[in-house]
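Colleague: I have a model open and would like to learn how to read its features. Could you walk me through it?

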Amino acid sequence: MRETLASTNDEARRLAQLGAADGLVVLTDRQSAGRGRRGADWYAAAGESLAFSIVVRPTEPKALWSRLALAAGLAVAEAAEACAVEVGIKWPNDVWIGRRKVAGILVEAGHDFAVVGIGINVNSREFPPALSELATSLQLASGQVQDRAHVLRSVLNHFGLRRQQLASGFDELLDGVRLRCVLSGHAVSLITASGTQHGRIEGLGPGGELLLRTPTGLQRIIQADEVRLA
Ligand code: BTN
């Protein structure tokens with residue numbers, strides 16, 4: 001545990017490049033430059049949230065590494081449920097309570113390792129104005145102060161199991177994500193590199209891709225910059 005780091009993902013990457021073993025966890029109480037997906041900042045109040053990164057050295061082919069994001073999202077959802085909170089997964093890996101985000105995940109791949117960065121709002125009670133309508137915490141949702149060490153252990157245990165399911169066992173992982181998928185059945189706007197598409201989400205395909213029904217047919221979405229519920 002380090003008191004302050006710029007970003008646990010950066011530190012985990014540095015250590016992985018120096019040969020850190022699979023499973024190493026970098027944890028800090030305060031990030032001065034926490035990062036989200038698509039270059040966004042990640043806000044987390046010191047002492048109230050969890051910010052950590054796991055070094056993973058997958059034995060599976062690199063084409064399957066993107067599934068780590070699903071495994072991590074599901075692991076966080078399962079840990080949140082153990083705190084008696086009902087959560088959903090907004091594909092690929094945001095964890096939501098109602099329509100507010102409680103956790104975010106940033107997976108970054110290196111040559112022979114991946115870094116799985118996880119931020120969870122555990123005991124946050126207030127957020128900056130820009131986030132106040134968008135974010136929530138386990139404490140706010142459960143009405144109880146949560147033990148951060150316990151939540152961390154729970155996520156790591158669930159992730160340890162789910163990451164074994166990237167190849168064989170992926171159907172089981174996917175069932176867990178499908179069960180909690182907040183987008184299924186909803187109309188969305190989906191922003192990708194090639195433009196914005198509108199349609200209805202029919203669920204997740206066998207590879208974990210998003211199935212978007214549009215007037216021109218069924219699209220299989222592997223990556224999106226943003227998915228907005230209409
Ligand atoms: C997102 O929702 O955009 C992803 C947020 C990921 C935040 C975590 S906090 C721990 C790790 N270190 C970072 O700099 N980012 C991730």
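**Reading the cavity, the sheet and the hairpins**

Modeller: Let's begin inside. The residues lining the largest cavity comprise three nonpolar, three polar and two charged ones. Please keep in mind that this is a predicted model.

Colleague: Which residues line the largest cavity?

Modeller: Its lining is made of Thr 28, Asp 29, Arg 30, Gln 31, Ala 44, Ser 49, Leu 50 and Ala 51. Strand 2 and strand 3 are the elements that each give two or more residues to this lining, and strand 2 gives the most, with four.

Colleague: What volume does the largest cavity have?

Modeller: About 40 Å³. With a cut-off of 30 Å³ or more, the count is one cavity.

Colleague: Now the sheet. How do I read strand pairing in general?

Modeller: Strands in a sheet are held in pairs by backbone hydrogen bonds, and the pairing is either parallel or antiparallel.

Colleague: What is the strand order in the open sheet here?

Modeller: The seven strands follow the order 1-2-3-7-6-5-4, and the pairing is mixed. Strand 1 (2–5) and strand 4 (88–90) form the edges, each pairing on one side only. On average, neighbouring strands of this sheet are turned by 30° against each other, ignoring direction.

Colleague: Do strand 1 and strand 2 pair in the parallel or the antiparallel sense?

Modeller: Parallel: three bridges link strand 1 to strand 2 (residues 25–31).

Colleague: Which strands does helix 4 touch?

Modeller: Helix 4 (residues 148–162) packs on the sheet and touches strand 2, strand 3 (49–56) and strand 7 (114–121). The direction of helix 4 makes about 30° with that of strand 3.

Colleague: Let's turn to strand 10. How many of its residues are buried?

Modeller: Four of the five residues in strand 10 (residues 210–214) are buried, so "buried" here means under 20% relative accessible area.

Colleague: How many bridges join strand 9 to strand 10?

Modeller: Four, with strand 9 (residues 195–204) and strand 10 running antiparallel. Ile 201 has Leu 212 as its bridge partner in strand 10. The hairpin of these strands has five residues between them, and Gly 208 takes a positive phi near 90° there.

Colleague: And how many residues does the hairpin from strand 10 to strand 11 pass through?

Modeller: Two. Strand 10 and strand 11 (residues 217–221) are antiparallel, with five bridges, and Leu 211 has Arg 220 of strand 11 as its bridge partner.

Note on methods:
Residues numbered from 1 in each chain as written. Predicted model: local features only at pLDDT ≥ 70, side-chain atom pairs only at ≥ 80, totals over all residues. Heavy atoms only, no water. Pairing = 2+ DSSP bridges. Axes fitted to C-alpha atoms, helices over the stretch in contact; angles between N-to-C directions. Contact = heavy atoms within 4.5 Å. Buried < 20%, exposed > 50% of the residue type's maximum accessible area, 1.4 Å probe, protein only. 1 Å grid on protein atoms, 1.4 Å probe; cavity = no way out; pocket = protein on both sides within 12 Å on 5 of 7 lines; lining within 4 Å. Points joined across faces, edges and corners; volume = space filled by probe spheres on them. Nonpolar A, V, L, I, M, F, W, Y, C, P; charged D, E, K, R; others polar.
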